[in-house]
Amino acid sequence: LGQATQYTVATGLVVACVAGGHILLATAGIAGLSFNAAQYMMEPGAGCNHDSQVNEGEAKKEEEQDTESLAESVDGELSDELQDVPPPQSWRSSLPCFAGCAEWMFSSAAPLSEEPDLDVGEQSKHLLRRSKRNLRQRHRELEGSDTSFLLFETTNRPKPKIQRRSDAAMLRPVTPLALNNGGKEAIVNEYFTGHVLMMHRPTEVSAQTPARYSEYFAKKTRRWELRLQGRFHKRPNGKLYMGVVLRDFDYSVPLSFFTSWLSTLSITPLEYVVGSKVTLNFGDREQAALKDEAMFAQVVAGLQAFDQIIVTPPGAKCVPPIDGDLDGMGITRKGAQSSATWSSTIEEIEAGIQPGNVYTLCFWSASRFLDLMGGALTDLMPLLPAISLSTFLDKWPPHFVFYVLEEKDRAEPGGERGELLHLERNKTYVLDLMMLAKSNANLHLAKRYYFPEKSE
């Protein structure tokens, strides 16, 4: 009961605070968090360090057990052909030619090694073991650094060979994203082509978080900033949403009393600040979570959730560099006269999205309350100490998402057209950043995602 309670409380607290920094919702969850943290500490082994528990011998045995059970469900009719097929020409024809991104998007990588003597089942087991080994290695590389999390993008199109092998093992391939890397990570998916950059205020001198943006953050109060720049391949056939989704959470646990109470609070103040309707949902639980159309826990808002938007039309002399100082460019929430003005301006931009334009989208408002390096909620109220989230998020990573909610399905209560539901099958993701804590507790995710080697 203790672990079930701690995870459900964490779900409510994180979902309520991450995307909006809403003080009312955060304060309401503090009592429940404290109560369940105390209950958790009373459970046997609650204070154990996950990292110190997993030695190499146990890890190898655990890998074999995990991969053995999962590989049994692999489709035996998969073709053994492992030849590469050329990527669709639409990838390259739609790539933007700004900021010298062509070299970044198509830099060569060492191919996966061939295993011609292995059957499909053995290939799948091999890939599962490799995924877990690669994730463990990335955790080791963070040891001794001030960086406390890993970032992976889950919508990017992988090489055909990696995609085919991932499909065989029922894994979703992901792309690692480094902090403060200058925006070199390319994003190529169904709706969007461009680059993504996660900027973070320097803490200590570290190879993991180079202090290249010290001067920029010296003038800001924000801890971090997320930037996305690129072109849409087509006009969105639906409304754009941005926020946080808990895709990998264990929804078999019931909602706690405090999380249920949080769900009853009004989010009207948050909607007023954001300038958009906010969808807050704690997800379907227990038997309801087993449905094909089960809802994930999420807090999302419209395009208004971004804090700065720059639109560069075709023929412009230059596109602002994704890692440059963007002060004074485009429109900002701070520069809007009111929340209503901000909302209407963003609605006009969304309605006028054209494939030829380059869009630069920046988000930082939640960074005031969310300390990514420290894994904590902070500055929620005066004199209130930071609330650590590491215990709760070590196993279940949040996903920072940006997606199109297409009109594929609507609820129809009473035979009337209802509200468009935020179900996964109604979403087409433009960006999906998964944030993994530096902990062996999330190694189980290697059974769901393929974590590549650096050479891939």
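User: Let's start with A289. How exposed is A289, buried or exposed or partly exposed?

Analyst: Keep in mind that this is a predicted model. Buried means under 20% relative accessible area and exposed means over 50%, with partly exposed in between. A289 has a relative accessible area of 23%, so A289 counts as partly exposed. You'll find A289 in the loop between β8 (278-282) and β9 (297-302).

User: Which residues does A289 touch, leaving aside its neighbours within four places in sequence?

Analyst: A289 is in contact with Y251, D284 and A294. Now look at S252: A289 and S252 are 37 residues apart in sequence, yet their C-alpha atoms are 6.7 Å apart in space.

User: Let's do a helix, then. How do I read which way its residues point?

Analyst: Here's the general idea: an α-helix has 3.6 residues a turn, so residues three or four places apart point the same way. Now take α12, residues 339-351. This helix has 13 residues and reaches 18 Å from its first C-alpha to its last, close to the 18 Å expected at 1.5 Å a residue.

User: Which residues of α12 are buried?

Analyst: S339, W342, S343, I346, I349 and E350 are buried. Seen down the axis of α12, the buried residues fall within an arc of 125°, so they line one face of the helix. On the other side of α12, A340, E348 and A351 are exposed.

User: What covers the buried residues of α12?

Analyst: The cover includes β7 (238-246), α11 (268-274), β10 (308-312), β11 (331-332) and β12 (358-363).

User: Which residues are buried in α8?

Analyst: In α8, the buried residues are K161, I162, R165, S166 and A168. They cover an arc of only 155° around the axis, which puts them on the same side of α8.

User: What about phi angles? How do I read those?

Analyst: Most residues other than glycine have a negative phi, and most peptide bonds are trans. M170, which follows α8, has a positive phi, near 55°. N180 is not a glycine, but its phi is positive too, about 50°. N180 lies in the loop between β3 (175-177) and β4 (185-188), and at 2% relative accessible area N180 is buried. E286 has a positive phi near 50°. E286 is in the loop between β8 and β9, and is partly exposed at 44% relative accessibility.

User: How do I read a pair of aromatic rings?

Analyst: A pair of aromatic rings is described by the distance of the centres and the angle of the planes. This structure holds 13 aromatic pairs. In one of them, the rings of F232 and Y359 have their centres 5.6 Å apart and their planes at 75°, so the pair is edge-to-face. F232 lies in strand β6 (residues 224-232) and Y359 in strand β12, so the pair ties together parts that are 127 residues apart in sequence. Both F232 and Y359 are buried. There's also an aromatic cluster formed by F249, Y251, F296 and W396.

User: How many disulfides are there?

Analyst: A disulfide is a covalent bond between the sulfur atoms of two cysteines. The count here comes to zero disulfides. As for individual cysteines, C318 is exposed at 57% relative accessibility, while C362 is buried at 0%.

User: One last stop: where is T154 found?

Analyst: T154 is in the loop between β1 (149-153) and α8 (160-168). T154 is buried, with a relative accessible area of 5%. Its side chain makes a polar contact of 2.8 Å with the side chain of D432. Not counting residues up to four places away in sequence, T154 touches R172, P173, V174, H399, D432, M434 and Y449.

Terms used:
Residues are numbered from 1 along each chain as its sequence is written. This is a predicted model: local features need pLDDT of at least 70, side-chain atom pairs count only at pLDDT 80 or more; totals for chains, interfaces and linings use all residues. Side-chain values use heavy atoms; hydrogens and water are left out. Helices (H or I, at least four residues) and strands (E, at least two) are DSSP runs, numbered from the N terminus. The expected span of a helix is 1.5 Å times one less than its number of residues. Buried means under 20% relative accessible area, exposed over 50%, partly exposed in between (1.4 Å probe, protein chains only). The arc is that of the directions from the helix axis to the C-beta atoms. Contact means heavy atoms within 4.5 Å. A disulfide is a pair of cysteine sulfur atoms within 2.5 Å. A polar contact is a pair of N or O atoms within 3.5 Å; within protein, one must be able to donate a hydrogen and the other to accept it, and residues adjacent in sequence count only if both atoms are side-chain atoms. Rings of Phe, Tyr and Trp (its six-membered ring) pair if their centres lie within 6.5 Å; planes under 30 degrees apart count as stacked, over 60 as edge-to-face and the rest as tilted.
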